[in-house]
Amino acid sequence: MRLRHLTLALAVALGVAACGGDPTKQAPVGDSETITIGSAAFPENEIIAEIYAEALESKGIVVDKKLNIGAREVYIPALENGEIDLIPEYTGNLLTYLDPKATATAPDEVTAALAKAVPKGLTVLDPAPAEDKDSLNVTAAFAKENGTKTIADLSKVDGLRLAANPEFKQRAYGIPGLEKVYGITGIEFTPISDGGGPATVKALVSGKVDVADIYSTTPSIRANKLVTLDDPKNLIAAQNVVPFIREGKATADVIEVLDAVSAALTTDDLLELNAANQGEDKKSPSILAKEWVADNLK
Amino acid sequence: MTFSAGVAGETAAWLGDRAHWVGTDGVPHRALEHIAYSAVTVAVAALVAVPLGLWIGHTGRWQRLAVVTAGALRAMPTLGLLTWFVLLIGVGLIAPILALVVLAVPPLLAGTYAGLESVDRATIDAARDMGFTEWQVLSRVEIPLALPLLVGGFRSATLQVIATATVAAYVGLGGLGRYLIDGQAYRDYPQMVGGSVLVIALALVADAVFVGAQRLSTLKEKS
């Protein structure tokens, strides 16, 4: 615990030092006061937080940024005690964090269950279509050869070989779920512990495995022209991007802006943003956010 | 999270559970895989390091280069090397074995040439004066006298490989590392600690075998 506190203190200190609000900007009369935006400690979440900030600022709302706060166990308490007011979240994971027994997987069900699970004083706004979640991928050649478009089509393939993180073997969305929900049995499982990273992708493209679990917004999916299989029976819980905000800060103006962002933000956008952030350009989250807002919001 | 008596108890319970001692995920099977990876690694490393070490030790050539190279190889992080090999040649047995061979070569090389170097020059000169060929000097004088240090090189290499062969599980292979990697993925800490205890136990057993072998090699020298 001590380490977490230290991490938070550091993150907050750095955030304040690096991104303190511009003191020359005064909130217009009748508008809400400053909104402090946080983010988890990974680039995609930081990019979305910057998009929220850019969109709100463009409508004259004063924002302050405390990005890169670490894991959920750290930033949710920070949101509850008012150190931050707003953070981009993912519906499924936030629901599981707030209610570990939750079983909803379909996007609407997850969103409905999440609305009930949020603590007092906090609220989730409308989720975006954009999702960052586990996804099962095959090579374009495999998809063509076996006619696989959805996970259900995998049941036609005998002796399916699949690579994923080790926990895939036991989790409800993993091997047990493939068997129960889609009737796919006899999977030869290769656990690779890099979270759908380079070794997993290499195993897939080199033909050592037929299917690989890769996060849906990973640039390597595009770079290798992989086919992400549809999940018609919602085996994998929805992870729509959603603004998680303190109720007191969710004024009509703020909601309008964030709803507009969510309405426009897609999984393809996240793929492109992540690719631009990690690729040769190494564009910073704030520049990517400016470009996205300019392209997508009026 | 504190490491308490509770964890020790849970680990003992994990190790004591009979279900963990059967099948492909059971301890005997995982331990055999671990021993097999380690044995193949040390064998491959020995094929490279021992002839090279003998040549360096016998001729006295390239000695400084060998010391520097072996030292640099020792500093290679095995997990990073493993990831690099996987990206080059894909998942499977070869990448982790190669990464572990890089770990095992330096102690074997050092043990071999240091063993030869430790042999008294006067003994070697005497052997040559008696009409021994270079090969006879090496095989009948230098190697027998270097044996304790040579075995020491094998001992050190084997221990390092057993302790590090857990990385094979990172890229989908078996071995005792499975318990560490899977335990972490499932947040099953008794399984992780249990796996570590097994690796330590295996290393201690291997060490005991080498202590015996080293004693034998010294006895032979004295007789």
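Analyst: The term pLDDT denotes the predictor's confidence in each residue, from 0 to 100. This is a predicted model, in which local features need pLDDT of at least 70 and side-chain atom pairs count only at pLDDT 80 or more, while totals for chains, interfaces and linings use all residues. Residues are numbered from 1 along each chain as its sequence is written, and chains are lettered from A and ligands numbered from 1 in the order in which they are written.

Chain A has an average pLDDT of 89, and 89% of its residues score at least 70. Over residues 6–32 of chain A, however, pLDDT stays under 50. Where pLDDT is low, the predicted coordinates should not be read in detail.

Of the 298 residues in the chain, 41% count as buried, a residue being buried if 20 or more other C-beta atoms lie within 10 Å of its own, exposed if 12 or fewer, and partly exposed in between, with C-beta atoms placed from the backbone.

The sheet itself is open and has five strands of chain A, in the order E7-E6-E8-E5-E9, with mixed pairing. Its edge strands are E7 (188–191) and E9 (227–228), each of which pairs on one side only; two strands pair if DSSP finds at least two bridges between them. Strands E5 (residues 134–138) and E8 (residues 211–215) of chain A are joined by four bridges in the antiparallel sense. Within this pair, A:Leu136 has A:Asp213 in E8(A) as its bridge partner. Helix H8 (residues 198–205) of chain A packs on the sheet, where it touches E5, E6 (161–164), E7 and E8 of that chain. The direction of H8 makes about 150° with that of E8(A); axes are lines fitted to C-alpha atoms, for helices over the stretch in contact, and angles run from 0 to 180 degrees between N-to-C directions.

Elsewhere in the chain, helix H3 (residues 72–80) of chain A has A:Tyr75, A:Ile76, A:Ala78 and A:Leu79 as its buried residues. Seen down the axis of H3(A), these buried residues fall within an arc of 160°, so they line one face of the helix; the arc is that of the directions from the helix axis to the C-beta atoms. On the other side of H3(A), A:Glu73 and A:Pro77 are exposed.

Methods
Two residues are in contact if their C-beta atoms, placed from the backbone, lie within 7 Å. Helices (H or I, at least four residues) and strands (E, at least two) are DSSP runs, numbered from the N terminus.
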